[in-house]
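Colleague: I have the file open on my screen. Could you take me through it step by step?

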Amino acid sequence: MRQAVLDIGSNTGHLLVVDAHRGAAPLPASSFKAPLRLAEHINKDGALVDKSIDDLVDFVKGALTEAEDQGCESVLAFATSAIRDASNADDVIELVKAKTGVELEILSGEDEARLTFLAVRRWFGWSSGRLLVLDIGGGSLEIAAGSDERPDVAVSYELGAGRLTRGWFPDDVPTDKQYRGLRKHVRAEIARQVGSLLRHGGGDHAVATSKTFRSLARMCGAAPSGEGPLVRRELKSADLKHWLPKVAEMTSDARAGLPGVSSARAHQLVAGGIVAEAAMDLLGIDSLEICPWALREGVILERLDAL
């Protein structure tokens, strides 16, 4: 079957079309995306602004056209932190449904962690033992751990790279005070629940997913995406600690010139790096292996399992 997954993330809207059937790996057939940056378009009342909602509706319409052109049998549509946390979330969902016919399913932070964990488990298999999985999005950080296909612990923090950039770094290049203030805040937030994550022994295999971690790993020397998904990529704590202070002193234009860093996300790189460094330190992780599968693949796999 040809399946489409419409992911309305806090940074990006992404339609992924795959050829999939139960018992086989979903094979990507087409991709359609746009940098919506919803996490950065929240007003003082916590609501998504009108312009960002209009952009969202336009993107969903374009995604539906792409799915139809690709011959998809159905579209699984979901949204994450930016819409989930918006004070006008219900109005946004109703407007999208009225103008496009698409009803967005709002995933909880725990669901994000659980589905991402499923994708990572399927990618690496049982030989990984107990998995510890980290994912930094635009609006939230998810961490999950477990020995099965469902994690026995899954937590979500409001520590996404876009959310923190908007709230803590009003200038392109953060001051030392802003940098240290965010670093302190992030570590205090993660430390509140770190005990539950480590109670069962952390993980035999520590893994990271999604764009922020891929960018950080590439910046620190991992292989480029052009070498394919089967190449082993990792982010080492020592490399991140070396690069992060240097990146914090760069402008967004300069960061966009680094390997693996897109111009659309360059301004979020410092905040994302601060979260990654804190999580690795507090969880005692020296190295994270980067998994090419993440939330979208988890949604597809769960759908296939239910057929």
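Colleague: How many residues does the hairpin between β6 and β7 pass through?

Modeller: Four residues join β6 to β7 in that hairpin. Please keep in mind that this is a predicted model.

Colleague: In which sense do β6 and β7 pair, and over how many bridges?

Modeller: The pairing of β6 with β7 is antiparallel and runs over six bridges. Within it, I136 has L141 of β7 as its bridge partner.

Colleague: And what about β6 and β9, parallel or antiparallel?

Modeller: β6 and β9 pair in the parallel sense, over five bridges.

Colleague: In what order do the strands of the whole sheet come?

Modeller: The order is β8-β7-β6-β9-β11-β10, an open sheet of six strands with mixed pairing. The edge strands are β8 (153-157) and β10 (234-236), each of which pairs on one side only. From one strand to the next, the twist averages 25°.

Colleague: What is L134 in contact with, apart from its neighbours within four places in sequence?

Modeller: Its contacts include I143, V207, F213, A279 and L288. L134 is also among the residues with the most contacts inside the largest nonpolar core, together with I143, V186, F213 and L235. That core has 49 residues, and helix α11 (residues 269-282) gives the most to it, with nine residues.

Colleague: Why would such side chains gather like that?

Modeller: In soluble globular proteins, nonpolar side chains tend to be buried together.

Colleague: How many residues are in the other core?

Modeller: The other core, which lies apart from the largest one, has 28 residues, among them V17, L36, A77 and I83.

Colleague: New topic: V155. Is V155 buried or exposed?

Modeller: V155, which lies in strand β8, counts as buried because its relative accessibility is 6%, and the cut-off for buried is under 20%. Its contacts beyond four places in sequence include A113, L141, I143 and L197. E142 is also in contact with V155; the two are 13 residues apart in sequence and 5.8 Å apart in space, C-alpha to C-alpha.

Colleague: Last one, helix α6. Which of its residues are buried, and which are exposed on the face turned away?

Modeller: The buried residues of α6 are Q178, Y179, L182, V186, R187 and I190. Seen down the axis of α6, they fall within an arc of 155°, so they line one face of the helix. The face turned away from that buried side carries the exposed residues D176, K177, R180 and K184.

Colleague: What covers the buried residues of α6?

Modeller: The cover includes β7 (141-146), β8, α5 (161-168), α7 (194-198), α9 (237-248) and α11. As for its span, α6 (residues 176-191) has 16 residues and reaches 22 Å from its first C-alpha to its last, close to the 22 Å expected at 1.5 Å a residue.

How values were computed
Residues are numbered from 1 along each chain as its sequence is written. This is a predicted model: local features need pLDDT of at least 70, side-chain atom pairs count only at pLDDT 80 or more; totals for chains, interfaces and linings use all residues. Side-chain values use heavy atoms; hydrogens and water are left out. Two strands pair if DSSP finds at least two bridges between them. Helices (H or I, at least four residues) and strands (E, at least two) are DSSP runs, numbered from the N terminus. Axes are lines fitted to C-alpha atoms, for helices over the stretch in contact, and angles run from 0 to 180 degrees between N-to-C directions. A nonpolar core is a set of buried Ala, Val, Leu, Ile, Met, Phe, Trp, Tyr and Cys residues joined through side-chain atoms within 4.5 Å. Buried means under 20% relative accessible area, exposed over 50%, partly exposed in between (1.4 Å probe, protein chains only). Contact means heavy atoms within 4.5 Å. The expected span of a helix is 1.5 Å times one less than its number of residues. The arc is that of the directions from the helix axis to the C-beta atoms.
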